[in-house]
Amino acid sequence: MTKNRGDRIPSRAECNELMARYAMLPHIIEHSIQVMNVSLAIMDNLKSDMSLNRDLVVAGALLHDITKTISLETKENHAVSGGALLRELGFHSTAEVVEQHIRILNLNLAGRLEEREVVYYADKRVRHNTIVTVEERMDDIIQRYGATEDLRRQILKNKSQALLVEQKIARLS
C-alpha cells in the first residue's frame with residue numbers, strides 16, 4: 001500500500017460520519033460493519049504481526065461500499081466511485097482498498113498480506129450481514145448480478161481470486 005503525501009486514514013468516528021453523510025442504507029452499513037469484524041478476526045488470528053495497518057483495514061472495510069447506495073440508482077461501479085470520492089477527501093490509501101474490494105489487481109500470493117487483500121476477502125465472506133463461505137457468497141452474487149455470460153465469468157474469476165487469498169491467509173494463520 002503506497003502512502004501518498006498528505007494522505008491520512010479516517011478514524012472510526014470519521015467513517016461513521018461519512019457513512020451518514022453519503023446516506024448509506026442501514027443494511028449496507030450492517031454489511032460493512034460485518035466485513036470489518038471479519039477483517040479484524042483475520043488480523044487477530046495471524047501467526048505474527050504482518051505489519052498490517054489496522055486503522056486502514058477498519059476504514060477500508062467500513063467504507064468499501066460508501067457509494068453503493070447511490071450506485072443502486074446510477075448503476076455506476078461503486079468501487080470506482082467510492083475510491084474517487086475518498087481520494088477527493090484526501091484518504092488515498094483507503095481509496096486504494098475500496099477500489100479493489102470487488103476486483104483485486106496484481107495479486108501476489110508469495111508477497112506479504114496486504115490490507116486490500118484482507119478487506120477484499122472479508123467482503124467475499126459476508127452476504128448481507130451473515131458470514132458465509134466464499135462459494136455461498138459468490139453463488140449469491142451470480143444470482144443477483146450475473147445477468148450476462150461476461151459478468152458470470154468475471155464473478156467466477158473473483159471467486160478463484162478469493163480462494164487464492166483464502167489460501168494465503170490460511171498459510172499465515
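At what angle do α2 and α7 pack, and how far apart are their axes? The two helices pack at an angle of about 125°, with axes 9 Å apart. The views below come from a predicted model, in which local features need pLDDT of at least 70, side-chain atom pairs count only at pLDDT 80 or more, and totals for chains, interfaces and linings use all residues. Residues are numbered from 1 along each chain as its sequence is written, and side-chain values use heavy atoms, with hydrogens and water left out.

View 1. Helices here are DSSP runs (H or I, at least four residues), and strands are runs of E of at least two, numbered from the N terminus. Axes are lines fitted to C-alpha atoms, for helices over the stretch in contact, and angles run from 0 to 180 degrees between N-to-C directions. The pair α2 and α7 is therefore oblique, given that under 35 degrees counts as roughly parallel, over 145 as roughly antiparallel, 65 to 115 as roughly perpendicular and the rest as oblique.

View 2. Y120 lies in helix α7, residues 115-123, and is buried, with a relative accessible area of 0% (buried means under 20%, exposed over 50% and partly exposed in between, with a 1.4 Å probe and protein chains only). Not counting residues up to four places away in sequence, Y120 touches Q100, H101, I102, R103, I104, N158, Q161, A162 and V165, and its side chain reaches the backbone oxygen of N158 at 3.0 Å. Y120 and V35 are 85 residues apart in sequence, yet their C-alpha atoms are 9.1 Å apart in space.

**View 3. Q34 on α2.** Q34 has its place in helix α2 and is buried, with a relative accessible area of 18%. Leaving aside neighbours within four places in sequence, Q34 is in contact with V126, N129 and I131.

**View 4. Two loop residues with positive phi.** K75, in the loop between α4 (68-74) and α5, has a phi near 65° although it is a residue other than glycine, and K75 is exposed at 68% relative accessible area. H128, in the loop between β1 (126-127) and β2 (130-131), has a positive phi of about 60° and is likewise not a glycine; at 43% relative accessibility, H128 counts as partly exposed.

Methods:
Contact = heavy atoms within 4.5 Å. Polar contact = N/O pair within 3.5 Å; in protein donor to acceptor, adjacent residues only side chain to side chain.
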